[in-house]
Amino acid sequence: MLVVAEGGGALRSRSVTQVRLGGLLLRILDRYILREVVVSWLGVTGVLLAILITNQVALVLERAAERLYPRGVVLELILLGALQNLCFVMPIGLLIGIVLALGRLYHDSEMTAAQACGTGSRPIVLPVLAFTVVLAILLAALSLEIAPAAAGRMLDLRDEALRAGQFAPIAAGKFRTFGGGSTVVYARDTDKDGTLRRVFVERDRGDHLEVALAQRATHAYAEDGNLQVITLYDGERYEGVPGERRFRVVRFAENTIPVRLPALSGGAIALEGVPTHKLAASAVPAEVAELHFRLSFPLMAVLLAIIAVPLARLRPRQGRYARVGFAVLIFFVYINLIIAGKMWIARGTTPQWLGLWWVHAAVGVMAAVILLAPRVIARARYRGNMARLGAAVAA
């Protein structure tokens with residue numbers, strides 16, 4: 001409250017101007033810090049995503065060459081894999097982005113100059129929290145809806161591509177595998193009607209190996225589409241165990257080899273494609289674990305952002321990248337605890353009601369310690385200095 005006496009109009013005018021300038025300074029700092037954090041986050045996230053996409057491209061191309069995927073599905077598989085990787089990339093990108101952005105401000109003494117103007121911690125915390133909330137909402141939509149839909153679509157594409165590759169005609173001069181690799185077929189020549197000439201077939205029967213050589217063969221499919229039939233004509237079959245001298249030789253006029261297609265989907269990939277609302281209504285441990293795992297990503301983003309603000313604070317003459325290693329270590333400990341907790345829920349080691357909340361609670365306690373410890377230490381030092389000063393004056 002301002003008390004204005006005679007001639008105090010100028011004093012009041014200056015006070016209002018200072019207040020307005022202070023508010024303008026805060027708005028400028030808010031936008032400046034927000035821009036620095038967003039740019040750093042985009043840069044870090046883009047680099048990490050590019051690395052993961054490169055690895056994804058290599059895996060998809062290797063699998064496409066091995067299983068003869070059609071060309072049209074390769075690019076879509078890569079894009080769907082990138083969507084799933086975003087759930088992992090965005091939180092660590094946020095953590096490192098905040099540490100780099102604020103670390104540069106501390107290193108260049110910009111933050112010291114701002115705090116010398118009396119801004120306090122408000123222009124740091126508010127932009128970071130605002131951006132984190134928006135990012136957490138996007139992560140929630142990504143991990144709960146978009147990523148499961150992408151996983152389901154990827155699984156369907158793999159099934160269709162695998163069947164298309166298995167049903168493709170056998171080309172001359174190329175080895176083809178069937179039945180998950182248990183049967184290998186090679187033909188030197190092919191006729192226009194699909195008949196194979198000079199055929200080699202190797203079958204792994206578990207306890208022994210079969211190798212057949214035939215003058216010609218045909219390749220057909222059963223009506224249900226899950227069984228392939230390779231019929232050999234005028235050839236010989238060798239049966240035995242590799243490394244042993246005892247082999248059985250069978251000459252035949254016709255030999256039929258049924259090959260059943262392997263199961264196409266299942267396991268963790270199928271579970272990742274289950275919609276979130278179905279997981280929420282399930283009591284199966286593996287599905288409950290998957291639900292808690294999806295819920296972890298937006299919570300992880302918020303907690304890592306809270307940790308990043310005090311972690312980015314640098315001492316004088318300390319390098320701007322000094323805290324990046326600590327940030328990466330915190331993320332890897334956090335994500336590994338989440339993965340381990342997911343496995344424990346699926347195995348029944350951890351109660352379903354506890355879920356992964358204990359992991360987030362532990363990280364939340366660590367965040368509180370990192371956030372409050374400097375203030376507690378500063379107050380303790382201040383009280384100690386005041387006590388020593390008082391003792392010195394009294395003496």
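**Strands, paired helices and selected residues in a predicted model**

Arg-198 is partly exposed, with a relative accessible area of 43%. The structure described here is a predicted model, and Arg-198 belongs to strand 3 of that model. The phi angle of Arg-198 lies near 50°, a positive value in a residue that is not glycine. A second residue with a positive phi is Asp-234, for which the angle is about 55° although Asp-234 is not a glycine. Asp-234 is placed in strand 5. Its relative accessible area is 42%, so Asp-234 is classed as partly exposed, a class that runs between 20% and 50%.

Six strands, written here as 6 strands, form an open sheet in the order 1-2-3-4-5-6, and their pairing is antiparallel. The edges of the sheet are strand 1 (176-178) and strand 6 (247-260), each of which pairs on one side only. From one strand to the next, the twist averages 30°. As a general rule, side chains in a regular strand alternate between the two faces of the sheet.

Within the sheet, strand 3 (residues 196-204) pairs with strand 4 (residues 209-221) in the antiparallel sense, and 8 bridges are found between them. Asp-204 stands opposite Leu-209, which is in strand 4. The hairpin formed by strand 3 and strand 4 has 4 residues between the strands, and in this hairpin Gly-206 adopts a positive phi near 90°. Strand 4 also pairs with strand 5 (residues 227-240), again in the antiparallel sense, over 12 bridges. In this second pairing, Ala-214 stands opposite Gly-235 of strand 5.

The description now turns to the helices. The axes of helix 7 (residues 285-311) and helix 8 (residues 324-347) come within 10 Å and cross at roughly 160°. Because an angle over 145 degrees counts as roughly antiparallel, helix 7 is roughly antiparallel to helix 8. The crossing of these two helices is right-handed. The residues of the contact between helix 7 and helix 8 comprise 21 nonpolar, 2 polar and 2 charged residues.

When residues up to four places away in sequence are not counted, His-292 touches Ile-345, Gln-352, Gly-355, Leu-356 and Trp-357. Among these, Ile-345 falls in the residue range of helix 8, 324-347.

A further residue is found in a loop. Ser-109 lies between helix 2 (71-107) and helix 3 (110-116), in the loop that joins them. Ser-109 is partly exposed, with a relative accessible area of 42%. Ser-109 and Pro-316 are 207 residues apart in sequence, whereas their C-alpha atoms are 8.7 Å apart in space.

Positive phi values occur at Arg-198, at Asp-234 and at Gly-206.

Terms used. Residues are numbered from 1 along each chain as its sequence is written. This is a predicted model: local features need pLDDT of at least 70, side-chain atom pairs count only at pLDDT 80 or more; totals for chains, interfaces and linings use all residues. Side-chain values use heavy atoms; hydrogens and water are left out. Two strands pair if DSSP finds at least two bridges between them. Axes are lines fitted to C-alpha atoms, for helices over the stretch in contact, and angles run from 0 to 180 degrees between N-to-C directions. Angles under 35 degrees count as roughly parallel, over 145 as roughly antiparallel, 65 to 115 as roughly perpendicular and the rest as oblique. A crossing is left-handed if the near helix is turned anticlockwise from the far one by less than a right angle, and right-handed if clockwise. Ala, Val, Leu, Ile, Met, Phe, Trp, Tyr, Cys and Pro count as nonpolar, Asp, Glu, Lys and Arg as charged, and the others, Gly among them, as polar. Contact means heavy atoms within 4.5 Å. Buried means under 20% relative accessible area, exposed over 50%, partly exposed in between (1.4 Å probe, protein chains only).
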